[in-house]
Amino acid sequence: MTLQFIPYIMLNGNANEAIAFYEKALDAKVLSKQTFGQAPESIQNAMPSDVKDRVAHSVLRIGEIEMFVADTEPGQQTQPGDRLSICITTNDIEKSEHFYEALQQGGQVITPLQEMYFSPAYAMVTDKFGITFQIFTTR
């Protein structure tokens, strides 16, 4: 089983600008970047055209670590203090289920654990200490 804890920055529509900034300021290398417009057609049809260029997910390498950067989904906003979360990445669905159940105790589920087009098991949970975790299962 692979397990990583990765910083995840969520922005309100300016992720492309932030990525370009981190490339220059931190010598970040973009390993991958996916826009909302690259989602399956059934999902694209339900979104406004101005959202399609927003970053759905990107992976940057800075030195020896990775950092994820993305824009929020349409209608979802971030506030100062909740723009940075921790992404728990694993290739084990049972482990994802365990993290999901454990972290929601006394906390709040933002996105229930479910299959998404980019992950077989994905969730967002804010724990009882106010820390937001994204649980991302790789295929």
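With which residue does Arg-61 form a salt bridge, and how far apart are the closest N and O atoms?

Author: Two remarks on the source come first. The model is a predicted one, in which local features need pLDDT of at least 70 and side-chain atom pairs count only at pLDDT 80 or more, while totals for chains, interfaces and linings use all residues. Residues are numbered from 1 along each chain as its sequence is written, and side-chain values rest on heavy atoms, with hydrogens and water left out.

The partner of Arg-61 is Glu-66, and the closest N and O atoms of this salt bridge are 3.4 Å apart; the term requires a side-chain nitrogen of Lys or Arg within 4 Å of a carboxyl oxygen of Asp or Glu. One salt bridge is found when the whole structure is searched. Arg-61 counts as partly exposed because its relative accessible area is 30%, and Glu-66, at 22%, is likewise partly exposed, where buried means under 20%, exposed over 50% and partly exposed anything in between, with a 1.4 Å probe and protein chains only.

The surroundings can be followed through Ile-62, which is in contact (heavy atoms within 4.5 Å) with Leu-26, Ala-28 and Met-67, its neighbours within four places in sequence being left aside. Ile-62, Ala-28 and Met-67 are among the 12 residues of the largest nonpolar core, a core being a set of buried Ala, Val, Leu, Ile, Met, Phe, Trp, Tyr and Cys residues joined through side-chain atoms within 4.5 Å. Helix 1 makes the greatest contribution, four residues.

Another core, of 11 residues, lies apart from this one and includes Ala-70, Cys-87, Met-116 and Tyr-122. Tyr-122 stands opposite Gln-114 and, on strand 8, opposite Phe-136. Its strand, strand 7, runs antiparallel to strand 6 and is joined to it by five bridges, and strand 7 also pairs with strand 8 in the antiparallel sense over five bridges, pairing requiring at least two bridges found by DSSP. Seven of the eight residues of strand 7 are buried, so this strand is largely enclosed by the rest of the structure.

Definitions and conventions. Helices (H or I, at least four residues) and strands (E, at least two) are DSSP runs, numbered from the N terminus.
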